[in-house]
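Trainee: I would like to go through this model and check the words used for it against their cut-offs. Can we take the terms one at a time?

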Amino acid sequence: LAGIIDGDGSIQVSKKGYTSLEITMGLEDLPLLRYIQHMLGGSIKMRAGAKAYRYRLHNHLGMIKLMNCINGHIRHSTRLLQLHRVCQVLGIPVILPIPLDAQSNWFAGFFDADGTLSIAMKHGLPQLSIRVTNKLLQDVESYKVIFGGSLYFDSSQNGYYQWSVQSRKDVIMMLDYFKSNTFRSHKSRRFFLIEEYYSLYDLKAFKPDSLHHKVWLAFLDKWNKLMI
């Protein structure tokens, strides 16, 4: 939950001193927002003019329960400042972020918010990539520390940092993490297709003259239906 809030959420204190949580996600992730609603209460509404839903929690007891869930796990630069303000209003001592390790659920939540899995053709070969992006380097570098891969700055969209893994070894490491942690976003279902991807890759099914090319095309159709 903390990872999702770090990526797609906002915890605020109004001018009148009321605390609230908002999480905005795409239409396909309504089940994820309903799961959070089931845990904490709150409301979900479609955003006017946008293909997205907004979850909102402002109930006092619900906010206290939320703080007890995420305190010590929020680590995004902006969100940590918001956490301090909300905890101050609610009279709850702030717990600084606990160190991450290869089993931390935070990575799954932050991926659900800001991650992607994609397949692109490069020099006639398919390339599977797992990526996580954010405006600040410190908010994605934990992925490199724990899972390896690469970090680089992309100057488009006013600039952002991107962590990615592309080697088979690193992707399999992320797949092992996926199998032992709970991802809840629509796009994360692509993790279930990674082993099938490598099986077809080894058969060179992506080549138009392959006996297995129709299976490859069917696989891509299945992959693309799990939109990002």
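Mentor: What follows is a set of questions about terms, each answered from the values.

Mentor: This is a predicted model, in which local features need pLDDT of at least 70 and side-chain atom pairs count only at pLDDT 80 or more, while totals for chains, interfaces and linings use all residues. Residues are numbered from 1 along each chain as its sequence is written, and side-chain values use heavy atoms, with hydrogens and water left out.

Trainee: How many helices and strands are there in the protein chain?

Mentor: The protein chain has nine helices and eight strands. Helices (H or I, at least four residues) and strands (E, at least two) are DSSP runs, numbered from the N terminus. The C-alpha atoms fill a box of roughly 65 × 35 × 35 Å along the principal axes.

Trainee: Why is S185 called buried?

Mentor: Buried means under 20% relative accessible area, exposed over 50%, and partly exposed in between (1.4 Å probe, protein chains only). S185 has a relative accessible area of 2%, so S185 is buried. Its place is the loop between α7 (168-180) and α8 (194-202). Of the 228 residues of the protein chain, 44% count as buried.

Trainee: What makes the pair S185 and D112 a polar contact?

Mentor: A polar contact is a pair of N or O atoms within 3.5 Å; within protein, one must be able to donate a hydrogen and the other to accept it, and residues adjacent in sequence count only if both atoms are side-chain atoms. The side chains of S185 and D112 are joined by such a contact at 2.6 Å. Contact in general means heavy atoms within 4.5 Å. Leaving aside neighbours within four places in sequence, S185 is in contact with D29, L32 and D112.

Trainee: D112 belongs to α5. Why is helix α5 (residues 106-114) described as largely enclosed?

Mentor: Nine of the nine residues of α5 are buried, so the helix is largely enclosed by the rest of the structure. Among them are W106, F110 and D112.

Trainee: What is D101 called, buried or partly exposed?

Mentor: D101 has a relative accessible area of 41%, so D101 is partly exposed. D101 sits in the loop between α4 (77-90) and α5. A polar atom of the D101 side chain lies 2.8 Å from the backbone nitrogen of Q103. Not counting residues up to four places away in sequence, D101 touches F107 and I146. D101 and I146 are 45 residues apart in sequence, with their C-alpha atoms 6.6 Å apart.

Trainee: Why are α7 and α8 called roughly antiparallel?

Mentor: Axes are lines fitted to C-alpha atoms, for helices over the stretch in contact, and angles run from 0 to 180 degrees between N-to-C directions. Angles under 35 degrees count as roughly parallel, over 145 as roughly antiparallel, 65 to 115 as roughly perpendicular and the rest as oblique. α7 and α8 pack at an angle of about 150°, with their axes 11 Å apart. That angle makes α7 roughly antiparallel to α8. The contact is made by R168, V171, I172, L175 and K179 of α7 and by I194, E195, Y198 and D202 of α8.

Trainee: How do these contact residues divide by class?

Mentor: Ala, Val, Leu, Ile, Met, Phe, Trp, Tyr, Cys and Pro count as nonpolar, Asp, Glu, Lys and Arg as charged, and the others, Gly among them, as polar. The contact of α7 with α8 has five nonpolar, no polar and four charged residues.

Trainee: How are α8 and helix α9 (residues 213-225) packed?

Mentor: Their angle is about 155°, with the axes 11 Å apart. α8 and α9 are therefore roughly antiparallel to each other. The contact is made by E196, Y197 and L200 of α8 and V215, W216, F219 and K222 of α9. By class, this contact has five nonpolar, no polar and two charged residues.
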